Amino acid sequence: MMKLSVATFIFYFIGVALGYPICPSYEVLAPCECYEESLQISCCLDSNDDIKEILDRGSQVIDNSTIFKVLYIRGGLTEIPAYSVQFLKFEKIEIQFNFDLTHISVDAFGDTLDVTNEISITYNGIRNDPPLENEFFDLLSKFIKAEKITIDYNKMSYIPEKAFSSPLPNLRSLSIRNGGFIGIRSRAFTGLTGLKTLDFTGTTIQSSDISEDAFDGLVPKLTVDFSLAGGIPYLDENVFKGLLDSVISLSIGGASCPIFCPIQTFECSDKIHWICADLMKYTAKLKGYYCHKGHGYTDIWDYCNKTFP
């Protein structure tokens, strides 16, 4: 463990008193770096670095009223343990490109929870296998001031039951793009009463593993995107009817698109006749919905009009 010299403390606090920069000397946060003009702390770490010990050193000398713009954590971390970011505060936190990072403690963050308005945890190896299937979502739900959460490109198995049941009233955007998860459990988003966009683009989600009440509790004026979600061959009425009844728009794309087709498509079958039954209402909300038979494809409007002339 790196210990700071008495001289480091003395020179830093003299500097603060004289109005010198907020960032401490390099040795305080090394190997992380602090950027004065942009108010950023950037950490490029490997598996042997102790993120908690590094940021604890910083919190000993940085004024606790300071609110940084961004914290970047990148590299080779495998875990972010409890109380890693206990006293330092950031408006935005980005944890990216830690491909072996599978676990972030639910208690990893402290004072910044009351400040952070955007959190991005992308291109990591985050998992939520039992018995800790809800822990990652419990962590996210602690960011009560968050307006945007992005958790793209991780390795979660599914969105668990009541994943976002704790209120996040300020959250406007939730992105879970290109995740490896295949299912969404019951009432997964009930705490997101102010949500405006919900993005599942490029996921491997399976329509057969979406609970019928998965989207219960989502409020109107919401835009949902399932584009290029290759595991959804059709819109199950039991799952999607309630969602379509409330959202502004639903961008959707299924599997088995023919070569050169401009968008992925769905099966033309009786499984989508419920959409035909109220065609004007649903086609006004559906974006990019084509269906196919063999190598031909058509938009949902043409299919319904030909099937029910």
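Lys92 counts as partly exposed, at 22% relative accessibility, where buried means under 20% relative accessible area, exposed over 50% and partly exposed in between (1.4 Å probe, protein chains only). The model is predicted, so that local features need pLDDT of at least 70 and side-chain atom pairs count only at pLDDT 80 or more, whereas totals for chains, interfaces and linings use all residues. Residues are numbered from 1 along each chain as its sequence is written, and side-chain values use heavy atoms, with hydrogens and water left out.

Lys92 forms a salt bridge with Glu118, the closest N and O atoms being 3.6 Å apart; a salt bridge is here a side-chain nitrogen of Lys or Arg within 4 Å of a carboxyl oxygen of Asp or Glu. This pair links distant parts of the chain, with Lys92 in strand S5 (residues 89-96) and Glu118 in strand S7 (residues 118-122), 26 residues apart; strands (E, at least two residues) and helices (H or I, at least four) are DSSP runs, numbered from the N terminus.

A second salt bridge is formed by Asp216 with Arg187, the closest N and O atoms being 3.9 Å apart. Asp216 lies in the loop between strand S12 (197-199) and strand S13 (223-226), and Arg187 in the loop between strand S11 (183-184) and S12, so the pair ties together parts that are 29 residues apart in sequence. Asp216 is partly exposed at 34% relative accessibility, and Arg187 is partly exposed at 36%.

The side chains of Asp245 and Lys281 likewise meet in a salt bridge, at 2.9 Å from N to O. Here the linked parts of the chain are helix H5 (residues 237-246), which holds Asp245, and helix H7 (residues 279-283), which holds Lys281, the two residues being 36 apart. Asp245 is partly exposed at 32% relative accessibility, as is Lys281 with a relative accessible area of 33%.

Salt bridges that share partners join Arg74, Lys92, Glu94 and Glu118 into one network. Of these residues, Glu94 is found in strand S5 and is buried, with a relative accessible area of 9%. Its side chain is joined to that of Lys92 by a polar contact of 2.7 Å, a polar contact being a pair of N or O atoms within 3.5 Å, of which, within protein, one must be able to donate a hydrogen and the other to accept it, while residues adjacent in sequence count only if both atoms are side-chain atoms. A search of the whole structure finds 13 salt bridges.
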